[in-house]
Amino acid sequence: KKPYQTADVRTESTAQNGSWRGIALLLLLLISLLALLRSSYTISTNYYSSIDDIKSSSIVIPLVANDSTSIAAKTTSEPHQIISSESLPIYLIDASNINHTNIAASTWGEIAPHWNRTARFSNLLSLATTVSSLPNQYNNKLKSKKRRQIILIHCGPKLGSTTLRQACTKNLYRTCPQINFTAYTNGRERRSRAPAGYFGGDRLISVMNECVDTYYFCVNQITVMDLLPSTTATDESDIVTTAGMTQNVEYIHLFPFRNYNDWVRSAIKQSYDRAGEKGCLAAKKLWDDGKCQHYRMEIDIRQYSRVDLDRFQDGVVRRMNQLGERGKEEHTFLLYLHRDLQRVMELVSTTYQMPMFPGTGEKLKGTRPEGTCNESLVEQYHECFSDDLMEFRWDLPENQLWKPDGAFLMMSPKSSNQQG
């Protein structure tokens, strides 16, 4: 039996060795599989990381308008969303119903193509969606620290600017008594009977920083850089009242609407009201023989609200994308029919829980003298300028404006900074 038993032991030992080898091979296969999966995951992660990098440099991420949307660049842990002009929320205030003020939300991309020479406010309202209220989500959500809200009323000729300039001047006297505005006003503001800071520049920042109890500021053809210096506040624990900081400040921009053809006729009539036929002749000389030079008075396409809003919103969008997650600011854009100013200000006061802005119900140029320039001057103006209404080229030298500090107000060509 001994040889037989030895054979059985050898057979059993061989079987056991084969079993261990099988287990070892299986473990090697599992280790190889895990290594392969890990390599695949790393490749996939790197791929999607590169895709995210591409997305973060793109400027075609839409920001949809809704009941509580305003355009914002915030310091959060979430990736910064790049915004575009096309998706910029615009809120339209319809005060045509005496018993109720309606609010509708749209985007600049929806409104701009339809705001042509013949467009009425009702045409733009038809493109928008009715919402329950203006956006005021920040102060509703964060009750522990209140963000400073500044109402910027963007003024232009024949859009209620005379009434607004007077109202803003009186409001500054009343709400900011620590400043002697009689001495503070410079020559250009004095000639225009405009409030301090009206034309932007360092003066506007200075006035907003000094007048921390003032909510309403009237401005004329400012740039976003007049409001938002590159310095960013870092201490989020304090209530920041300094307008020159990008921390805890919400700018609510009001732009007036008026039908373009009506605006042209009213602005040309203002030349007649000021100087009679001499005023008409002064404009005609600038436009004769195809010269088509800007008049620099009321009848200047650069001061029409569509052109001004298009320029300003483009600057805001570029500024916000440059700040990314480094800054914390908000801009809300409101569009209203110019003759409904008082009711619009009542809505703004109620929504943002601010004191009422007095003096907006006055019609300082409601009654005007008879007469106007010859109709041919209206046609001449349209031939010179109206084809540029929809795509005004601020980058052209002849279209630049002087700022109070002597610098040019201009923009890059649309083709080079288009956001979407």
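1. Confidence. The average pLDDT of the protein, the predictor's confidence in each residue on a scale from 0 to 100, is 77, and 69% of the residues score at least 70. This is a predicted model, in which local features need pLDDT of at least 70 and side-chain atom pairs count only at pLDDT 80 or more, while totals for chains, interfaces and linings use all residues. Residues are numbered from 1 along each chain as its sequence is written, and side-chain values use heavy atoms, with hydrogens and water left out.

2. Where pLDDT is low, the predicted coordinates should not be read in detail.

3. Strand β3. Strands are DSSP runs (E, at least two residues), numbered from the N terminus. Strand β3 (residues 102–107) is largely enclosed by the rest of the structure, because five of its six residues are buried (under 20% relative accessible area, with a 1.4 Å probe and protein chains only).

4. Partners of β3. Two strands pair if DSSP finds at least two bridges between them. Strand β2 (residues 89–94) pairs with β3 in the antiparallel sense over six bridges, and isoleucine 93 stands opposite isoleucine 103 in β3. Strand β4 (residues 129–131) runs antiparallel to β3 and is joined to it by three bridges; threonine 129 in β4 is the bridge partner of alanine 105.

5. Helix α1. Leucine 27 lies in helix α1 (residues 2–56), a helix being a DSSP run of H or I with at least four residues. Leucine 27 has 48% relative accessibility and therefore counts as partly exposed (between 20% and 50%).
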